[in-house]
Amino acid sequence: MLPRDLNPDQFRAYPPEAKKIAEGYAGALRPLPLIFVASLLREVIDYDFKFPAERRALERELENLRSLSAPQVSDWFREFEAITVSDKLEHSDWVNEPGQFIEQLSAHLWRTHQQDAFRLAATHYADRLRAVIPPEKPAAPRLGISIIGKGTDSYTEPLFRKLRPHGAYFSAVNPQNGLSTLIELVSTRAKSRHIPYAHWYIDGGSEAEHDPSLTVVSYDALAPVRSALLRKMQSEISRPGTGPESLRTFMAQLRPGDVGLKKSDDAVLSHFQLKLLTEGSGTQIFSTTFAQWAAREALRRAQPLTLLVRFAPRQRQRPMNELLSASNTESELDLIGSLIDGDMGAYYNWINQLRLPGADKSSFLVWFENHNQAVVIGPSVPRGTESSAPTDVKQLLSWIV
C-alpha cells in the first residue's frame, strides 16, 4: 500500500487523540512519499503521549503540509521521491507499525547506499519547515540547574572547566541550605507560571522534598520498573538467535504496564519514563546516565522553562552480566567517577538548553553539592570571570533570577 491509498478507517487502532489527528490530515498525507509519511506517522501514533510542546509542533507541521499546493509538494519532496523502497517495505503494515517500518527502512538505506541521500532530504525538509514555521519563543526565560557530586567528601582537581569560560566561577560558596534553596526556587517558578510539564526536577537518586507542582523523575523511584525491565531483557537475550536489533525491537514494543508503571499514573509521564529506560543506553543500571539522558530528553521534548538535575552516585563498572542482573542488589558506589560524570553531564545540559528557542535570555547554574564551588551563566553575568568572595547559593541566584 502507498500513501495515496490512505483512508480514515485505517487509523482505527490508533489511540483516541492520535486517531483524530491522523483522520483529519489523511488528505494532506496522500500525495507525499511513503518514507516521509511513515516517519511522520511514527510521531502521530504517539500523539496522546506527547508533551504540549511536541503536540503543538506536530500540529503546525501537519497544517503546513495541508497548505502546500501540488507544485510545492513536488518541490519540497523531490529528494524523498528519488529514494527507492523495496516491495517488502511497501507491503508492510507501515500505518499501524511505523516505528518498525523505520527500523527496516534504516537497514534498507544502508544496504542500498541511500543513507546519505535520506539524511540530506531530511535536512533540507527541516530547514524549509523552520523557515515557514519559526520555533515558539518560551513564555519566560529558561533556567537550568545542575547539582553534582552528591556524597563526595573532597576533590582536588579543577571542576567546571568547560563551563567557566561562559560565565562566572565562584570558589567560596557557603553550601548551607543550598539544595533546599534551589528546590524552593524551582518550586516558586512552577507555582508562578503553572504550565503543564514546564518545570522539572530530575534526580539520579532519591528525590528530595519538593513541591507537587513540579514534574519529577527519579532513578530510585523507578527501581521496581528498572528491575522488571532488566528481567525482561535478560529473558530476551537468553533466547537463541537474539541480537541487538531484535532486542531493540522487543523493547520498543513494551508498554508502561509491562514493566509495572501504573495505568492510573500520568500517561504522558509514564511513557516518557518508559522511553528513558528502553531507548537510553545504560539508563537502567547507571544513575548518572539516567539523569543525563532524562535531562536531554526533557529539554528536547518538553522544552521546559525550568530544569533542575541532581546527579547522584552510580555503581562502579563491573562485567555486563553482573550489571544487567536484576537480582543483584549489592553495588559499590564510584563517588569520584560519578562526580566526573556529573561535571560533564552539567556541560551537556547547558549545551542542550542552548539549542532551545530563547537561548540568548536563558540562565544556567551548576553547583558542587555541599561544597563551595559553582558556576553561573546568564545574560548579565560577565564571561570568564572568577570570584573568591564569600557568598551563598541564594546570592548566586540573584545574578540570574
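Visitor: How do helix α4 and helix α9 pack?
Guide: This is a predicted model. In it, helix α4 (residues 52-67) packs on helix α9 (residues 115-132) at an angle of about 95°, and their axes are 11 Å apart.

Visitor: Parallel or perpendicular?
Guide: Angles of 65 to 115 degrees count as roughly perpendicular, so α4 and α9 are roughly perpendicular to each other.

Visitor: Which residues make the contact?
Guide: From α4, Glu61, Asn64 and Leu65. From α9, Tyr125, Leu129 and Val132.

Visitor: New topic. How many residues are in the largest nonpolar core?
Guide: It has 50 residues. Those with the most contacts inside it are Phe160, Leu163, Trp200, Ile202, Val217, Phe272 and Val366.

Visitor: Which helix gives the most to this core?
Guide: Helix α14 (residues 287-302), with seven residues.

Visitor: And what else is there in the way of cores?
Guide: A second, separate core of 42 residues. Ala18, Ala22, Leu62 and Leu65 are among its members.

Visitor: Back to Phe160. What does Phe160 touch?
Guide: Leaving out residues up to four places away in sequence, Phe160 touches Ile148, Tyr169, Asp343, Val366, Trp367, Phe368, Gln373, Ala374 and Val375.

Visitor: Asp343 is in which helix?
Guide: Asp343 is one of the buried residues of α16. Others include Gly337, Leu339, Tyr347 and Trp350.

Visitor: What span should α16 have, and what does the model give?
Guide: Helix α16 covers residues 335-354, which is 20 residues. At 1.5 Å a residue, α16 should span 28 Å. Its end C-alpha atoms are 29 Å apart, which agrees.

Visitor: What happens at the start of α16?
Guide: A side-chain oxygen of Asp334 comes to within 3.0 Å of the backbone nitrogen of Gly337.

Visitor: Now Ala22. Buried or exposed?
Guide: Ala22 is buried, because its relative accessible area is 2% and the cut-off for buried is under 20%. Ala22 sits in helix α1 (residues 16-24).

Visitor: What is Ala22 in contact with?
Guide: Phe11, Tyr14 and Val44, leaving aside neighbours within four places in sequence.

Visitor: One more: Ser287. Where is Ser287 found?
Guide: Ser287 is in helix α14. Ser287 is buried, with a relative accessible area of 3%.

Visitor: Which backbone oxygens does the Ser287 side chain reach?
Guide: The backbone oxygen of Pro313 is reached at 2.9 Å. The backbone oxygen of Ala312 lies 3.1 Å from a polar atom of the Ser287 side chain.

Visitor: And which residues does Ser287 touch?
Guide: Gly204, Tyr219, Ala312, Pro313 and Arg314, not counting residues up to four places away in sequence.

Definitions and conventions. Residues are numbered from 1 along each chain as its sequence is written. This is a predicted model: local features need pLDDT of at least 70, side-chain atom pairs count only at pLDDT 80 or more; totals for chains, interfaces and linings use all residues. Side-chain values use heavy atoms; hydrogens and water are left out. A nonpolar core is a set of buried Ala, Val, Leu, Ile, Met, Phe, Trp, Tyr and Cys residues joined through side-chain atoms within 4.5 Å. Buried means under 20% relative accessible area, exposed over 50%, partly exposed in between (1.4 Å probe, protein chains only). Helices (H or I, at least four residues) and strands (E, at least two) are DSSP runs, numbered from the N terminus. Contact means heavy atoms within 4.5 Å. The expected span of a helix is 1.5 Å times one less than its number of residues. A polar contact is a pair of N or O atoms within 3.5 Å; within protein, one must be able to donate a hydrogen and the other to accept it, and residues adjacent in sequence count only if both atoms are side-chain atoms. Axes are lines fitted to C-alpha atoms, for helices over the stretch in contact, and angles run from 0 to 180 degrees between N-to-C directions. Angles under 35 degrees count as roughly parallel, over 145 as roughly antiparallel, 65 to 115 as roughly perpendicular and the rest as oblique.
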